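Subject: Handing over the structure

Hi there,

Here is the structure I promised to pass on to you. Please open it alongside this email, and my notes on what turned up in it follow below.

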Amino acid sequence: ADPSPPPPTAESTATWLDADSPEHPPESSSREVQNIPLGLGALLLGVAAVVFAALATSSMDALGRLGILLLATVLMLLAPPVLARRGLTSTAETIAAVGLLLLPLAGYALWAVDRVGSGAVPGAVFAAGVFAATAGTALGYARWSGLRAPRFAT
């Protein structure tokens, strides 16, 4: 009744896999691994923008909210071409997508300001105009910047 395990044999010895071996390719590339947190960061920025536009600024007047959203939108849309020229294409695409997400939110803030005759225009018509303006802006932005994300936003 010996409690010690039997000695290992040649068949039961563990072998380590070589990560650089061509017969065992990596499961994902380093580019894919970098894009996962980048995409999650963009998702969090988008959620934060929606929360800002809808809930967090309830104590702020609509004109102040519109100004902040327009400033954030312009900054988010000016940064990607600079980033793309520096070789940070994935970051540029992500920031461009978030910037284009802010356009309809700025349209919502514009509706809340009630300075554009929103009482005379039904909400559905105003929303259609905002989304058409967003699509047109995304199309022009895609041609100007050379990025791919704005084409999908269009």
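**Contacts of Trp144**

Leaving aside its neighbours within four places in sequence, Trp144 is in contact with Leu77 and Pro81. Before going further, please keep in mind that this is a predicted model. Trp144 and Pro81 lie 63 residues apart along the chain, and 8.9 Å separates their C-alpha atoms. Trp144 belongs to helix H4. With a relative accessible area of 56%, Trp144 is exposed, because the threshold for that label is anything over 50%.

**Aromatic pairs**

How many aromatic pairs does the structure hold? There are two. One joins Trp111 and Phe126: the ring centres are 4.7 Å apart and the planes stand at 45 degrees, so the pair is tilted. That label follows because planes under 30 degrees apart would count as stacked and those over 60 as edge-to-face. This pair links distant parts of the chain, with Trp111 in helix H3 (residues 89–113) and Phe126 in helix H4 (residues 123–145), 15 residues apart. Trp111 is partly exposed at a relative accessible area of 28%, whereas Phe126 has 15% relative accessibility and counts as buried.

The other pair brings us back to Trp144, whose partner is Tyr141. Their rings are 5.8 Å apart from centre to centre, with 45 degrees between the planes, and this pair is tilted. Tyr141 and Trp144 are separated by about one helical turn, because they are three residues apart in helix H4. Is Tyr141 buried or exposed? Tyr141 counts as buried, at 7% relative accessibility, while Trp144 is exposed.

**Nonpolar cores**

The largest nonpolar core is made up of 13 residues, and Leu69, Leu102 and Leu105 have the most contacts inside it. Helix H1 (30–56), helix H2 (62–85) and H3 each contribute at least two residues to this core. Which of them gives the largest share? That is H3, with six residues.

Not counting residues up to four places away in sequence, Leu69 touches Phe52, Ala53, Leu102, Leu105, Ala106 and Ala109. There is also a second, separate core of nine residues, and Leu83, Ala92, Leu100 and Leu103 are among them.

**Thr73 in helix H2**

Thr73 sits in helix H2. Its relative accessibility is 4%, so Thr73 counts as buried. Which residues does Thr73 touch, not counting residues up to four places away in sequence? They are Gly99, Leu102 and Leu103.

**A nonpolar patch on the surface**

Lastly, have a look at the surface. Ile36, Leu40, Leu43, Val47, Val51 and Leu55 form a nonpolar patch there, and together they have about 590 Å² of accessible area. Val51, one of its residues, is found in helix H1. At 38% relative accessibility, Val51 counts as partly exposed, because that label covers values between the 20% limit for buried and the 50% limit for exposed.

Happy exploring, and do write back with any questions.

Best wishes

Note on methods:
Residues are numbered from 1 along each chain as its sequence is written. This is a predicted model: local features need pLDDT of at least 70, side-chain atom pairs count only at pLDDT 80 or more; totals for chains, interfaces and linings use all residues. Side-chain values use heavy atoms; hydrogens and water are left out. Rings of Phe, Tyr and Trp (its six-membered ring) pair if their centres lie within 6.5 Å; planes under 30 degrees apart count as stacked, over 60 as edge-to-face and the rest as tilted. Helices (H or I, at least four residues) and strands (E, at least two) are DSSP runs, numbered from the N terminus. Buried means under 20% relative accessible area, exposed over 50%, partly exposed in between (1.4 Å probe, protein chains only). A nonpolar core is a set of buried Ala, Val, Leu, Ile, Met, Phe, Trp, Tyr and Cys residues joined through side-chain atoms within 4.5 Å. Contact means heavy atoms within 4.5 Å. Patches are made of residues with over 30% relative accessible area and no salt bridge: like charges are joined within 9 Å, nonpolar side chains (Val, Leu, Ile, Met, Phe, Trp, Tyr) within 5 Å. Accessible areas come from the Shrake-Rupley method with a 1.4 Å probe; for residues, only the protein chains shown count as cover. A salt bridge is a side-chain nitrogen of Lys or Arg within 4 Å of a carboxyl oxygen of Asp or Glu.
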